[in-house]
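User: I would like to learn how to read pockets and helix packing in a model. Please take the general idea before each case.

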Amino acid sequence: MGFNPLAEKGIPLEKQIRNWSELNVQPFDKREVHPYTRARVIVMNGVEVESVMFSHQFARHTDDWAVKRQLALVRRVDQQQQKAVNWLLPGDQSVLETTLAYEQVAIDLTAWLARTEPNPYLRQVLNFGLLEDFDHLYRYANLIDLVEGPTRVHEIVGNLTEVMPGRPTVVEHRHPYDEVRRHFETHTVDPLSRLHSMTILAAEQQTMNFYMNVGPTYVPPLARGLYLEIAEIEEQHVTQYESLLDPLDSWFERELLHHYNECYLYWSFMNDEVDPRIRKLWELHLAMEIEHVRVAGELLRRHQGTDPAELLPAELPAPTRFQENKQYIRTVLAAEIDLTSVGLDFVPVTALPTDARYFKYQAAVNGGIEVPSEAVIDRHVEAFGDDFRLTTEGPHPIPALRSRPHADLEDVADEAEE
């Protein structure tokens, strides 16, 4: 039998509050930690933040004091979980090092979700975002190589994730109308697709918030500009992924689903964690979230008359895992780098009419200035004679992106068609 949180016994809610010494955990060693342990920490921080922020929104949209109180209690525990997880990050890890780790998360998490996603449309959405985050890692890697030296990139990503151009960031800027996607139907969606959508939304939202806050803390205009530009793309990604969720799910249903997703991810990561101390934290939080699922299920039953077992599958789906995705990413690059979005769908940029709103928006944000994501590559080429890359699987699958630091997407698209 598989794992079903509804059938498990967790830690009673009244016993879940921890003291400061329990929450002020020892951080991992940035030089010794496995890159995917760092990735799991980043993901679970984002998932906890999403759960907390959703709970606050729920509380602002109900006048039932009993519900508000129950949400406040569970939310306080989620806040403590978030602190224990996020405080695993070491203080001597620079903002740019953390940024590289965020992008490695975005790449290898999105690639895994896409590879295992049962819904073709959702898989296409994930692949679309994947190629953009892949390019962000390349831009930030060139920035950190300029600012902090050549060893930083290898120390963060290891040899697990390649660093080379994806869909160029400069061409990722699209009109807001073209970031809204088709949502799934809650009564027919595969449980794994729902979990995938919630997980990638939480991860991308965390990245958006991080860049929004740390970007202006830099002094060099080059760094400030790059964070500003990529933070705007992360906003596009949050718009994209949040639009996948069925808006007809009730507040009580979504409260239950948030905690179910936390159960699923703590269970997934617990099974793969190589750091014994951090594995124990995943196990502890899983036991707490089992109780949160029970409490949220009782709220759903009491206020909506719905048995939580009607909403949740009989057992958790196959786990989400961090592993190398190099060949998968190269395959997607070769097949889909030339795509942009129009309304709910994805089309080659060469198929757009000259008066498309995509080109008008591009002209508004990129026209007449040096675009930060291009400038960082230009500065690296000026300083070292070439851009920074970390390729372990051979040359770039797109010839136009092998030797040039950047290329017009229409040139890339023409080459892809050939």
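User: How much space lies in the largest pocket?

Analyst: This is a predicted model, where local features need pLDDT of at least 70 and side-chain atom pairs count only at pLDDT 80 or more, while totals for chains, interfaces and linings use all residues. Residues are numbered from 1 along each chain as its sequence is written, and side-chain values use heavy atoms, with hydrogens and water left out. A pocket is an open set of points on a 1 Å grid over the protein atoms alone, where a 1.4 Å probe fits, with protein on both sides within 12 Å along at least five of seven lines; lining residues have an atom within 4 Å of a point. Volume is the space filled by probe spheres set on the points, which are joined across faces, edges and corners. Here the largest pocket holds about 450 Å³.

User: Which residues lie nearest the centre of the largest pocket, and which helices supply its lining?

Analyst: Helices are DSSP runs (H or I, at least four residues), numbered from the N terminus. E50, F54, L201, L245 and H258 lie nearest the centre, out of 21 lining residues. At least two lining residues come from each of α2, α7 and α9 (251–272).

User: How do the lining residues divide by class?

Analyst: Ala, Val, Leu, Ile, Met, Phe, Trp, Tyr, Cys and Pro count as nonpolar, Asp, Glu, Lys and Arg as charged, and the others, Gly among them, as polar. The lining has 11 nonpolar, four polar and six charged residues.

User: At what angle do the axes of α2 and α7 cross?

Analyst: Axes are lines fitted to C-alpha atoms over the stretch in contact, and angles run from 0 to 180 degrees between N-to-C directions. Helix α2 (residues 35–60) and helix α7 (residues 191–214) cross at roughly 95°, their axes coming within 8 Å. That makes α2 roughly perpendicular to α7 (65 to 115 degrees; under 35 is roughly parallel, over 145 roughly antiparallel, the rest oblique). Contact means heavy atoms within 4.5 Å; I42, N45, G46, V47 and E50 of α2 meet A202, Q205 and Q206 of α7.

User: How far apart are the axes of α2 and α4?

Analyst: The axes of α2 and helix α4 (residues 95–116) are 9 Å apart, at an angle of about 90°. These two helices are therefore roughly perpendicular as well.

User: Is α8 oblique or perpendicular to α14?

Analyst: Helix α8 (residues 221–242) and helix α14 (residues 372–384) cross at roughly 140°. That makes α8 oblique to α14.
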